[in-house]
Amino acid sequence: MSGLKNDPLRSLSQHFVFNLGMMNTEERPSSWILANNHDLADPESVCSSLSVDQSENRHLVEEFGDEEYTNVGYQQRRCMSKEAIGACSIAMCIFLTLCLIYPLSVISSEKEVNGMAPLNSTIKNDINHVQKFIKQLILEQLPSIEAELLESSAPEGKAFRWTCQNFAKQHESYWITSSSRIHLLQQYSLVSLFYATGGHSWKRSDRWLESNNECEWHGVKCGGISWGASRHNVLGVTLGNNGLNGTIPSSVACLSGSLSILDLSSNYLTGSLVSELGCLKELKTLRLEDNKLSNVIPASIGGMKKLKRLHLSNNHFSS
């Protein structure tokens with residue numbers, strides 16, 4: 001366009017445009033009429049009726065170099081800007097509405113039930129409050145062991161006290177989430193196994209009861225049970241040939257959400273298999289061979305649909 005402005009034939013072009021202006025409106029190009037009347041037209045009517053052949057506009061501008069033809073593009077951009085602003089406004093309204101509704105729904109869905117602290121809330125470091133919370137958490141999974149929790153000499157009671165004391169020692173306050181509940185249940189279950197099988201006399205008990213992270217304990221394997229899940233779910237407990245001496249506690253059922261491998265083979269385990277083993281719905285491998293287990297194999301093991309490897313040989317089970 002700058003080259004056209006310096007062209008000696010500029011005056012001739014302007015004269016031709018003037019003659020076009022003298023035409024009847026029916027004879028003018030529709031795009032040129034709209035450009036000439038942009039300052040008189042109602043902007044809203046322009047936006048609703050703007051339907052311009054872009055190739056025609058481009059041809060006129062290139063031929064005559066008249067800036068007035070670019071007003072059509074200006075009106076189009078103006079209309080597009082107004083539409084974009086309107087769309088953004090609607091999207092922002094929806095976003096703000098969701099931001100207001102979601103917290104209210106979370107609050108209403110996380111009301112305290114039976115004294116249990118709701119998810120996404122804070123539990124203070126008060127030993128009575130901590131004990132109440134962890135006790136309720138355990139009994140949600142295993143309501144049958146309430147008496148053992150209160151018995152100071154029972155493995156379940158020892159594990160309960162250790163879990164509460166460790167919790168209180170590590171945190172001035174604690175943010176309750178689904179992951180933190182799983183963490184507490186995992187610790188309680190593993191510590192119960194430790195006390196029930198003479199953990200202090202194991203061949204190896206590296207980091208057990210020392211580290212706050214149970215995934216660092218010897219024989220404990222952790223990972224995520226699905227994509228995007230926490231990497232601290234206990235997937236395997238492998239303590240074969242490690243000097244375990246005692247019984248398998250029913251609290252192993254607290255690992256029901258993730259445990260896929262339980263290997264306690266070649267030890268000195270006695271007593272009966274607890275029916276709570278059947279709660280381990282994710283279990284794929286159960287190795288208990290070469291122990292001194294006795295009595296009847298519980299029928300609940302038959303309900304473990306994901307179980308692929310079951311080793312119970314060299315025990316004293318009755319038929």
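The model is predicted: local features need pLDDT of at least 70, side-chain atom pairs count only at pLDDT 80 or more, and totals for chains, interfaces and linings use all residues. Residues are numbered from 1 along each chain as its sequence is written, and side-chain values use heavy atoms, without hydrogens and water.

The structure holds 5 salt bridges (a side-chain nitrogen of Lys or Arg within 4 Å of a carboxyl oxygen of Asp or Glu). One of them joins Glu146 and Lys135, at 3.7 Å from N to O. This pair links distant parts of the chain, 11 residues apart: Glu146 lies in helix H8 (residues 146-150) and Lys135 in helix H7 (residues 127-141). Helices (H or I, at least four residues) and strands (E, at least two) are DSSP runs, numbered from the N terminus. Lys135 is partly exposed at 23%.

Another salt bridge pairs Arg287 with Glu289, the closest N and O atoms being 2.4 Å apart. Arg287 is partly exposed, with a relative accessible area of 31%. Glu289 is buried, at 7%.

An open sheet of 5 strands has the order S3-S4-S6-S8-S10, with mixed pairing (two strands pair if DSSP finds at least two bridges between them). Strands S3 (220-223) and S10 (309-311) stand at the edges with a single partner strand each, so one side of each has no neighbour in the sheet. Strands S6 (residues 261-263) and S8 (residues 285-287) pair in the parallel sense over 3 bridges. Ile261 stands opposite Thr285 in S8.

Definitions and conventions. Buried means under 20% relative accessible area, exposed over 50%, partly exposed in between (1.4 Å probe, protein chains only).
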